[in-house]
Amino acid sequence: MENKTLGEFIIENQNAFKYSSGELSRILNSIRLAAKVVNHKVNKAGLVDILGSAGNKNVQDEDQKKLDILANEIFIQTLINREIVCGIASEENENFINVEGHNNENKNKYIVLIDPLDGSSNIDVNVSVGTIFSVFRRTSPLGSPVNLNDFLQKGVNQVAAGYVIYGTSTMLVYTTGHGVNGFTLNPAIGTFYLSHPKMTYKKNGHIYSLNEGNYIHFPEAIKNYVKYCQLEEGDRPYTSRYIGSLVSDFHRNIIKGGIYLYPSSKKKPKGKLRLLYECNPMAFIAEQAGGKASDGFNRIMEVSPKELHERIPFYCGSYNMVKKLESFMKKYQ
Ligand code: AHG
Ligand code: MN
Ligand code: MN
């Protein structure tokens, strides 16, 4: 294959940043490394004792899988060991981590938020899972410990975001605000190659993805939108596809065109997905690929976060589909 490698691509694009010191490139490089390690573990999941529940719950009262914990450790340790970030927040940790680095200097400028293993309920059944990450510049002064406000920034401030999908092949997809590019891992040599340059959504897709089992608990607007998707009219009915891991559902929709929905419901008034390490990074990627991401009324990336593990309804995908969904939200408010 003559394609560019991810390593080459990162270096080439480093110059697109004003005042670049190479710090962001080093973060992307260590995420690339951690992704390869996690990929190696995920691939062996049925062979060694890493399937199943770890027997404890995370802060969000969700069952932690062994691979949730393992992936969390791998990403955090890789970022800490290389002394390239000043703070990390993860789905699996109640509080953010302050990374002091060499001589306790706190001299790095970036923080990372991460969902180390997304779709973990799919691990045990050999269905694709993923990793999601989001990178911000710190707001607190260099040389001081990070604080909660460094993490509670609006999504519009993201400097990079991406995901890894451990699927039939393993891919790393990311943006630094100059479009979206996808890289596929050649497992034989352990190198990611540029396989999906300049990823873009179709303006109108034909797939809708949501957990329809919750239908009865959905707001009127969503019930009506689902019926709209199923109606025989124009280019409808749409196809329904739901894997149950955001990364995989998102990845399919960005390639084929579609909308992903995780609405609020009577049981989950704020939906399920977390604003900071699931919705914001996916929203950044979606917009950079010409799509749209909304909470039904507002642009996801303009929402002001109040808490680290905050949840929010999430609608994302092909531009016109999300726009249509918003018109239903408005009409049946
Ligand atoms: P996680 O495994 O990181 O907790 O995320 C699971 C999320 C997301 O990946 C997926 O889209 C959604 O949960 C599925 O939820 P339902 O099972 O309620 O449909
Ligand atoms: Mn997740
Ligand atoms: Mn997770």
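Begin the tour at proline 237, which sits in the loop between helix 5 (220-230) and strand 12 (239-240). The model on display is a predicted one. Select arginine 236 together with proline 237: the peptide bond joining them is cis, with omega about 10°. As background, most peptide bonds are trans, and most residues other than glycine have a negative phi.

**Backbone angles**

Next, select asparagine 106, in the loop between strand 4 (97-98) and strand 5. Asparagine 106 is not a glycine, yet its phi is positive, at about 50°. Its relative accessibility is 3%, so asparagine 106 counts as buried.

Move on to asparagine 126, which is found in the loop between strand 5 and strand 6. Here too a residue other than glycine has a positive phi, near 60°. Is asparagine 126 buried or exposed? Asparagine 126 counts as exposed, because its relative accessibility is 75%.

**A surface patch**

Stay in this loop and select valine 125, which is placed between strand 5 and strand 6 (129-137). Valine 125 has a relative accessible area of 53% and is therefore exposed.

**The manganese ions**

Now select the manganese ion (ligand 2) and display the side chains around it. Which residues coordinate the manganese ion (ligand 2)? Asp115 (OD), Asp118 (OD) and Glu278 (OE) do, at 1.9 to 2.2 Å. Along the chain, these donors follow the spacing D-x2-D-x159-E. Aspartate 115 lies in strand 5 (residues 110-118) and glutamate 278 in helix 7 (residues 275-288), so that distant parts of the chain, 163 residues apart, are linked by the pair. Aspartate 115 and glutamate 278 are both buried.

Select the manganese ion (ligand 3) next. Its protein donors are Glu91 (OE), Asp115 (OD) and Leu117 (O), at 2.1 to 2.2 Å from the ion. In sequence, the spacing of these donor residues is E-x23-D-x1-L. Display both ions at once: aspartate 115 bridges the manganese ion (ligand 3) and the manganese ion (ligand 2), which lie 3.7 Å apart.

Glutamate 91 is buried, with a relative accessible area of 5%, and arginine 274 counts as buried at 3% relative accessibility. Include Glu278 in the view as well: Glu91, Arg274 and Glu278 are linked in a network of salt bridges.

**Further salt bridges**

How many salt bridges are counted in the model? The count comes to 11. One of the others to inspect joins glutamate 23 and lysine 109, whose side chains meet at 3.0 Å, N to O. Glutamate 23 lies in helix 2 and lysine 109 in the loop between strand 4 and strand 5, so this pair ties together parts that are 86 residues apart in sequence. Glutamate 23 is buried, with a relative accessible area of 7%, whereas lysine 109 is partly exposed, at 23%.

Then select lysine 4 and glutamate 12, whose side chains meet in a salt bridge of 3.1 Å, N to O. Lysine 4 counts as partly exposed at 30% relative accessibility, and glutamate 12 is partly exposed with a relative accessible area of 47%.

**The cavity**

For the last stop, select the residues that line the largest cavity: Leu6, Ile10, Leu28, Ile31, Arg32, Phe133, Leu172 and Tyr174. Helix 1 (6-14), helix 2 (23-43) and strand 8 (170-175) are the elements that give two or more residues to this lining. The largest share, 3 residues, comes from helix 2. About 30 Å³ of space lies within this cavity, and the count of cavities of 30 Å³ or more comes to 1.

Technical notes. Residues numbered from 1 in each chain as written. Chains lettered and ligands numbered in written order. Predicted model: local features only at pLDDT ≥ 70, side-chain atom pairs only at ≥ 80, totals over all residues. Heavy atoms only, no water. Donors = N, O, S within 2.8 Å, 3.2 Å for Na, K, Ca; no water. Helix = DSSP H or I, 4+ residues; strand = E, 2+ residues; numbered from the N terminus. Buried < 20%, exposed > 50% of the residue type's maximum accessible area, 1.4 Å probe, protein only. 1 Å grid on protein atoms, 1.4 Å probe; cavity = no way out; pocket = protein on both sides within 12 Å on 5 of 7 lines; lining within 4 Å. Points joined across faces, edges and corners; volume = space filled by probe spheres on them. Salt bridge = Lys/Arg side-chain N within 4 Å of Asp/Glu carboxyl O.
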